[in-house]
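Let us take a walk through this protein together. Have the sequence and the 3D view at hand, and follow along one stop at a time.

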Amino acid sequence: QILTRSALPQDTVLGRPGANVTLLCREREPPNGTVLWSGRRRALGGGNALLLGGLRPEDAGRYSCHLGGHTLRTVRLLVEEPPEPPHVSCSRRSHDKDVLCEWRPRASPAPGTRAVLWMKRRFTMENATEQRCHFYSAAQKFVCRVKVPPGTDDTKALVVSVCVSSRAGSAAAEDRIFTLNGILKPDPPLNVTVEAVERSPQRLCVRWSYPPSWDPRFYWLRFQVRYRPEPAPNFTQVDQVTRTWLDIRDAWRGMRHVVQVRAQEEFGHGAWSEWSREAVGTPWTEPRDVTEMGLYSSQFPAEDDPYGYGATLPPELFGDDTADDAGGAVLEAAVRSPTSPYALLVAGGSLLLAIILCFAIGMRYKQRARAQRGAKLEGGGQHPMVPLCPPGSPLSATPLLSPAAPPGPLHVTNLDYFLSGK
């Protein structure tokens, strides 16, 4: 279906910018007198036909011809360009929203311009749904809103046709073929915030929320996050984020970072949303870090990165950070805790007592060895006579040597035993 050019009212002439147009006062030139013209231009010629060359938009208006002080005719001149063929794009903000088709003309349309959209399912003989389009001067674009009937299959192909007409002519767009899933385009995420993580100079916590047009109770979104320190021109991008937060672990120390988030339907249907507004944040820093630390390159792993990746990963790959942080705090306290003087005193006393006991034991065994060696030397020249078979006693009843008495128990804690000469 094509819209035809709107019919021009009587005594109305249409001309395009830059063209020439001729205005007639009468079908036949009056026999007596000279016809004079008045209108938008100051210098106008005379005669029954008025030629206007090189039309400009400001030439539009009313022109009148006069004869003998009487007005014979008034002609309205329109200077307009015919509408250009529209380049239509359609989108849907969520599964339960209407379809929006829009385009931006290169110039503002002339008054009275009309735009109509038709939509129907492909390969069917059903009648198309007709929808009037509106031009919004603030946004300088045409917008057509098409309601989707309940129960419509999101995977079936639809055909969209658009036509624009004005008094200067008409133009039609090429037919667009798409599915409802294929034109999904969510609104950008909202409430993007960037917060520092306590005692973590290379971490930033980014949080955001779903756009109001998308209901997460029925359909989810996946997100992309990009960030950069303000001196750097390029962004680092993190994909496949399914939660509404991200823990950045390779931030530059002491530098302010710019963060943006965008969204797409969870299964990848349709297009990505526009990037959210920029949010900024700076990692946590100690007062001394400002003067002692320089720029930190994200190409090297962070010392507080337990995984050693040196880069920000999706949050579902990380475990509970609370235990890691607590363990790090305990380790740091153990390393930095000073040694107690009382502990040193107890250790020194114990060591001294052990040395004294070892010395006493050594002296005691040395004295005992000397005593035994002296006793042997005194009895070395005598050879007592031992009878081989004393009378009245069998040989096997009397042992040759009497058994030695067993030594008494050794008491380490009895100092008199070690210090006596016995």
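D215 is partly exposed, with a relative accessible area of 21%; buried means under 20%, exposed over 50% and partly exposed in between, with a 1.4 Å probe and protein chains only. You will find D215 in the loop between β16 (200–209) and β17 (221–229). Strands such as these (E, at least two residues) and helices (H or I, at least four) are DSSP runs numbered from the N terminus. Although D215 and S94 are 121 residues apart in sequence, their C-alpha atoms are 8.2 Å apart in space.

Before going on, a word about the model: it is predicted, local features need pLDDT of at least 70, side-chain atom pairs count only at pLDDT 80 or more, and totals for chains, interfaces and linings use all residues. Residues are numbered from 1 along each chain as its sequence is written, and side-chain values use heavy atoms, with hydrogens and water left out.

Now step back to the whole chain. It contains four helices and 21 strands, and 32% of its 422 residues count as buried. Contact means heavy atoms within 4.5 Å. Among contacts between residues at least 6 apart in sequence, 64% join residues at least 24 apart.

Next, look at S273, in the loop between β20 (257–265) and β21 (279–281). Is S273 buried or exposed? With a relative accessible area of 3%, S273 counts as buried. Leaving aside neighbours within four places in sequence, S273 is in contact with K185, P186, D187, P188, P189, R262 and A263.

Our next stop is the second largest pocket, with a volume of about 390 Å³. Of its 13 lining residues, S91, R93, E102, K185 and D187 are the closest to its centre. A pocket here is an open set of points on a 1 Å grid over the protein atoms alone, where a 1.4 Å probe fits, with protein on both sides within 12 Å along at least five of seven lines; lining residues have an atom within 4 Å of a point. The volume is the space filled by probe spheres set on the points, which are joined across faces, edges and corners. β7 (89–92) and β8 (99–103) each give two or more residues to this lining, and β7 gives the most, with three.

Finally, turn to residues 342–363, which an unreviewed UniProt entry annotates as "transmembrane region"; such annotations may be inferred rather than shown by experiment. This span is 100% helix and 0% strand, and its end C-alpha atoms lie 32 Å apart.
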